[in-house]
Amino acid sequence: MSEMGRGAPAQSATADREIVISRVINAPRELVFEAFTEVRHLSRWWGPEGFTTTTRAFEFRVGGEWDFVMHGPDGTDYQEWISWTEIVPPEGIALLHGESRGDPNAFESVLTFAPDGAATRIEMRTVFPTKELRDEAVEKYHAIEGGQQTLSNLAAYVTEIVRKGVEG
């Protein structure tokens, strides 16, 4: 993938405005990838602890959009918008994530799915437009904990599918 194959110099240039979260999930890569690409899966696990998601529109293709609302545990609603910029099954996905189309503060995330024995290592690398936006995401919105909780929810969801054997 063009985004995913970037070498170290490009990464160090954005280090002060990026967040990288990774996790090993005990499930096949194809299944972990599928959980990210089908709205029937996404709506079951997306978001940090205590959040639920209502999807308004969803089209998984390059240029397609996911328009949704996240409902926080305190009752706050967060308007969210994702557009897929690159899709290479089952290796990776690149996306733009903001509050709505044209959001000047939207950030880019690249997700890579790598085999790790029988498991899958998922890495989520998010690059913000500025260091200030990154710092605000970390301090005000707890982006690192939220990202880790989101991947934890994903792991619990796909390992349950594997356990039940209801794949497909």
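1. Where is His142 found? In this predicted model, His142 sits in the loop between α4 and α5. Its relative accessibility is 44%, so His142 counts as partly exposed, the class between the limits of 20% and 50%. The C-alpha atom of His142 is separated by 9.9 Å from that of Pro48, although the two residues are 94 residues apart along the chain.

2. On one side of that loop is α4, which spans residues 131-139. The buried residues of α4 are Leu133, Arg134, Asp135, Ala137 and Val138. Among the elements that cover these buried residues are β1 and α5.

3. The largest pocket holds about 1,100 Å³ of space. Its lining comprises 37 residues, and those nearest the pocket centre are Glu80, His97, Phe107, Tyr141 and Ala143. By class, the lining consists of 18 nonpolar, 12 polar and seven charged residues.

4. Several elements share in that lining. At least two residues each come from β1 (18-25), β4 (77-88), β5 (92-98), β6 (107-116), β7 (119-127), α4 (131-139) and α5 (143-164). The greatest contribution is that of α5, with six residues.

5. As to annotation, an unreviewed UniProt entry places the feature "domain: Activator of Hsp90 ATPase homologue 1/2-like C-terminal" at residues 26-158. In the model, this span is 31% helix and 39% strand, and its end C-alpha atoms lie 8 Å apart.

Technical notes
Residues are numbered from 1 along each chain as its sequence is written. This is a predicted model: local features need pLDDT of at least 70, side-chain atom pairs count only at pLDDT 80 or more; totals for chains, interfaces and linings use all residues. Side-chain values use heavy atoms; hydrogens and water are left out. On a 1 Å grid over the protein atoms alone, a cavity is a set of points where a 1.4 Å probe fits but cannot get out, and a pocket is an open set with protein on both sides within 12 Å along at least five of seven lines; lining residues have an atom within 4 Å of a point. Grid points are joined across faces, edges and corners, and a volume is the space filled by probe spheres set on the points. Helices (H or I, at least four residues) and strands (E, at least two) are DSSP runs, numbered from the N terminus. Ala, Val, Leu, Ile, Met, Phe, Trp, Tyr, Cys and Pro count as nonpolar, Asp, Glu, Lys and Arg as charged, and the others, Gly among them, as polar. UniProt positions are given in the numbering used here, feature names are shortened, and annotations may be inferred rather than shown by experiment. Buried means under 20% relative accessible area, exposed over 50%, partly exposed in between (1.4 Å probe, protein chains only). Contact means heavy atoms within 4.5 Å.
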